[in-house]
Amino acid sequence: MATASTMDRVDTGSRSETHQRAFAAMSELEQLGDHRDSARRYVLIAAVVAAVGGLLFGYDTGIIASALIFVTQTFSLSTAGQEWVAAALNIGAIFGAIFSGPVSDKWGRRPAIMLAAAIFMVASVGCAEAPSVSILFFARLWLGVAIGGTTQIVPVYVAELAPSDRRGGLVSLFQLAFSLGLLLAFFVGYELSGSSECWRPMFLLGAVPALFLALGMLLLPESPRWLLHHQQEQHAVSTLYKLRGHHETVRHKLKAVLASEDTEVRGGGWAELKRPWLRPALIAALGIAALSQLSGPNVIVYYAPIIFSQAGLAHSAALLTSVSVGVTSTLTTAMGIALIDKVGRRRMMLVMLPFAALSLFLLGAVFLSSTPPSGFRMALMVASLLGYIFFNFGSLSVAVWLVAAEVFPLAIRSKAMGMASATVWFSDTIVSLVTLSLVEMMGTTGTFWLFGAVNVISYLFVWKYVPETVGTSLEEIEASLRSGTFHPSEK
């Protein structure tokens with residue numbers, strides 16, 4: 001058996017050869033001109049195409065809010081049946097998030113995204129053609145597998161392609177696409193609502209953007225960090241040039257990535273996540289992942305039409321309210337993308353979360369009266385609802401995928417991101433399964449006040465555990481973890 005020192009020498013020699021091959025490939029770039037403007041456009045195009053995964057995420061998450069009313073009529077669902085149909089997607093997403101990490105580590109980010117797109121298409125057709133509630137549950141389970149994989153892979157892929165000064169906005173395009181998907185789902189649900197079978201074309205339309213994602217990814221590059229990690233130096237260097245556009249910029253980035261590779265433990269297995277120096281990143285990423293769902297955004301996304309219908313609003317009015325939620329979330333996310341690389345991730349959450357909590361407290365107060373909202377109460381209900389969407393989506397929902405994609409070293413980034421994504425979906429599953437039961441047990445007021453309290457807890461968590469990462473390269477974030485300076489007080 002080889003001794004530890006022998007293995008170290010072999011590993012050091014392998015890394016030295018990697019350096020030599022990488023910088024040999026670099027020498028071929030020095031004769032090329034300055035193409036930084038076209039490189040910026042190329043990075044943007046790659047981020048936009050990959051973000052279609054977020055559109056699918058948003059559409060398939062949001063369409064259930066409109067479809068569930070009619071699915072309930074078709075299959076005569078109980079409250080528990082409604083919760084399980086909604087939660088099937090979330091359960092599948094937990095498994096998709098966990099298992100997509102090893103897939104993207106072995107085969108690459110790009111093939112993994114294309115596989116998720118293929119599952120999206122098949123599962124969308126399965127939902128539309130479901131002859132029974134059990135088949136619908138099974139199809140939505142696989143739809144969830146694709147969504148869980150997408151939420152794990154796409155933010156990592158874009159974070160590894162983007163320069164540090166644009167990373168926040170480009171990764172957050174995923175969340176903007178999610179909001180656009182929600183908006184599209186609400187519009188489709190409103191326009192197609194009618195017969196008890198109208199939910200079928202609602203689900204089927206999800207196959208269209210999935211096809212676009214699969215075809216679009218054929219034209220995009222693999223992550224250069226993944227290529228270097230898998231000893232494909234020539235391909236990695238040429239891809240970096242396409243993404244940065246100048247040999248000096250490529251050389252600087254290459255040195256940073258190779259230096260980071262030198263400090264990593266090869267293999268990057270699940271056991272690496274137990275290392276003490278990674279614990280602050282795990283706390284920050286997993287905490288935000290859980291609180292992004294436990295703070296209640298999908299209470300509004302999934303169940304607002306049913307909750308408001310039970311409160312006395314007509315079905316059409318309840319669905320129209322969801323359209324306004326989609327518009328607000330889209331505008332808010334666009335604002336967040338514009339500001340997140342200027343204001344910072346931590347600061348945006350600390351400023352906006354108290355107002356998200358206040359909005360839910362006011363929304364709960366609207367339902368203290370058992371009579372259907374009208375007049376001033378109706379205006380307060382809409383204002384509080386949209387205020388919550390504005391302040392929660394503009395903070396936690398914008399930051400959740402970004403922070404998790406930023407804070408982990410390359411060797412375990414996919415697995416750690418998979419864990420964060422699974423945490424999002426596990427937390428979302430809990431919310432999906434208990435919301436209507438909470439409304440029955442605590443009332444609409446008590447339910448909204450409970451989620452308001454979670455937003456207060458979210459503020460306190462960010463203040464104590466989440467440092468600022470704006471303008472910091474992925475390699476610098478890793479260095480701060482290793483040196484023990486990854487703390488809010490140090491930023």
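What percentage of the 491 residues of the protein chain count as buried? In this predicted model, 59% do. Buried means under 20% relative accessible area, exposed means over 50%, and partly exposed lies in between (1.4 Å probe, protein chains only). Residues are numbered from 1 along each chain as its sequence is written. Local features need pLDDT of at least 70, side-chain atom pairs count only at pLDDT 80 or more, and totals for chains, interfaces and linings use all residues, while side-chain values use heavy atoms, with hydrogens and water left out.

The protein chain contains 20 helices and zero strands. Helices (H or I, at least four residues) and strands (E, at least two) are DSSP runs, numbered from the N terminus. The chain exposes about 18,400 Å², by the Shrake-Rupley method with a 1.4 Å probe; for residues, only the protein chains shown count as cover. Carbon and sulfur atoms supply 68% of that area.

No disulfides are present. A disulfide is a pair of cysteine sulfur atoms within 2.5 Å. C127 is buried because its relative accessibility is 0%. C198 is also buried, at 5%.

Most residues other than glycine have a negative phi. S76 has a positive phi of about 50 degrees. S76 sits in the loop between α3 (52-75) and α4 (79-107). Its relative accessible area is 64%, so S76 is exposed. Q231 also has a positive phi, about 55 degrees. Q231 lies in the loop between α10 (224-229) and α11 (233-244). At 36% relative accessible area, Q231 is partly exposed.
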